[in-house]
Amino acid sequence: MEVKEASGGDGKRPPWLHLVSAFFAMEPSDSLISISRDCGGGAITENVQYFIWNHCISKTDGKGHTPYVTSFLKKVVLEVESAADVVIDELYEQLSFYMTSLKEDDLAKGAPRIIREISFLYPTARVCQNPRKVVVPLNCSLNMLEGDTGCSIWPSSLFLSEFILSCPELFSMKSCFELGSGVGLVGICLAHVVLSDGDLSTLANLKVNLELNHMNIQSLSSESEDPCEVKCLHLPWESAVESDLQDLMPDIVLGADVIYDPQCIPHLVHVIVTLLTTKKSNSLLRDGSKVSVAPNDQINSDIPNGYDEFVLASTTQPVAYIASVVRNINTYNYFHKVAQEANLRVVDITQNVKIFNFLPYMLSYQRSSVRLLGIYHSFR
């Protein structure tokens with residue numbers, strides 16, 4: 001995988017923009033401190049403190065951010081005092097207010113859901129609505145370990161979003177369907193897509209996020225050609241109806257962090273097979289022939305076996321892009337086994353795609369932990 005820095009035209013990191021982006025994305029306090037030092041040339045100077053106050057702290061909108069802001073303020077004050085420098089009054093007074101006027105429970109718990117703003121920082125050479133920064137606000141949970149995983153932001157959804165923004169030509173004029181859409185980040189980056197999730201509360205939160213981002217939510221039967229049209233579907237994999245899935249006929253199936261539970265994998269694979277074996281792909285095979293693969297002399301020897309076949313398949317039939325962190329190798333291998341038994345070809349294309357780093361400020365995001373799988377039906 002080749003990652004390109006989405007920086008300014010001079011190639012330098014813009015740390016002030018990174019600091020604001022990291023703060024509203026609710027990056028860990030240690031990450032914010034690190035970026036703050038970058039802004040001050042190695043120290044959190046008075047100028048940096050005033051920037052933090054004017055562009056970050058004073059812009060927060062209520063109780064939900066209080067625990068996060070309090071933690072950050074404590075670390076700023078500790079950092080500055082440890083260097084024997086002066087803490088500006090505004091930061092001291094705000095921290096004092098939080099510590100004296102709010103209950104301890106409020107500081108500990110905060111809100112169950114909160115707005116995080118994910119800022120995609122575009123390279124200046126790329127054409128977009130705003131060549132510097134596009135912000136996606138998301139209502140999400142901070143309690144991903146307490147049963148609210150569907151409303152959390154996971155690394156694979158960040159990776160898949162960067163992939164989509166880096167390779168818009170792959171998705172242009174294509175109908176897309178996402179499995180396990182969660183907070184909806186991937187769908188918002190696509191703009192024109194059918195999103196699905198098996199959990200009703202997650203689906204409700206997904207619709208909130210679409211409205212936050214001014215997306216036009218349509219019914220599945222709608223024929224609208226609005227470029228920002230999104231459709232939502234309640235889709236528990238274990239009860240998915242094959243005929244309903246075949247009617248969707250997507251060109252591209254997407255999924256982020258959907259390979260996580262061994263019990264769900266047979267159902268997930270069945271859904272993927274059905275979506276990739278739609279009327280669209282069947283029409284390509286009406287003469288009974290198989291989808292052909294490139295002859296050996298057309299295969300680039302510098303690219304691992306399977307990638308060229310996947311690229312060729314993507315021009316003639318529906319394909320899937322699944323981004324996944326390998327948390328349990330046995331689960332990951334089980335997915336590959338079940339997929340193979342269902343005549344799905346799974347190709348790790350992580351090293352073959354060029355992805356721009358749209359999230360340079362997100363120090364907690366371990367891009368290297370994510371694998372990108374290309375999947376197609378082998379029809380064998």
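Helix axes are lines fitted to C-alpha atoms over the stretch in contact, and angles run from 0 to 180 degrees between N-to-C directions. Helices (H or I, at least four residues) and strands (E, at least two) are DSSP runs, numbered from the N terminus.

The model is predicted: local features need pLDDT of at least 70, side-chain atom pairs count only at pLDDT 80 or more, and totals for chains, interfaces and linings use all residues. Residues are numbered from 1 along each chain as its sequence is written, and side-chain values use heavy atoms, with hydrogens and water left out.

The protein contains 15 helices and 12 strands. Of its 380 residues, 50% are buried. Buried means under 20% relative accessible area, exposed over 50%, and partly exposed in between (1.4 Å probe, protein chains only). A contact means heavy atoms within 4.5 Å. Among contacts with a separation of 6 or more, 75% join residues 24 or more positions apart.

Helix α4 covers residues 66-82. The expected span of a helix is 1.5 Å times one less than its number of residues. For the 17 residues of α4 this gives 24 Å, and the end C-alpha atoms are 24 Å apart, which agrees. Buried residues in α4 include Y68, F72 and V76. A84 follows the helix, with a positive phi near 60°.

Helix α2 (residues 29-39) packs against α4. Their axes come within 9 Å and cross at roughly 45°. The pair is therefore oblique. Angles under 35 degrees count as roughly parallel, over 145 as roughly antiparallel, 65 to 115 as roughly perpendicular and the rest as oblique. The crossing of α2 and α4 is right-handed, meaning that the near helix is turned clockwise from the far one by less than a right angle. S29, D30, L32, I33, S36 and R37 of α2 meet Y68, S71, F72, K75, V76 and E79 of α4. These residues divide into five nonpolar, three polar and four charged. Ala, Val, Leu, Ile, Met, Phe, Trp, Tyr, Cys and Pro count as nonpolar, Asp, Glu, Lys and Arg as charged, and the others, Gly among them, as polar.

Helices α12 (residues 265-276) and α15 (residues 329-341) pack at about 45°, with axes 10 Å apart. They are therefore oblique to each other. Their crossing is right-handed. I265, P266, L268, V269 and I272 of α12 meet T331, Y334, F335, V338 and A339 of α15. This contact has nine nonpolar residues, one polar and no charged.

N205 lies in helix α10 (residues 200-212). N205 is buried, at a relative accessible area of 3%. Not counting residues up to four places away in sequence, N205 touches R113, N139, C151 and V183.
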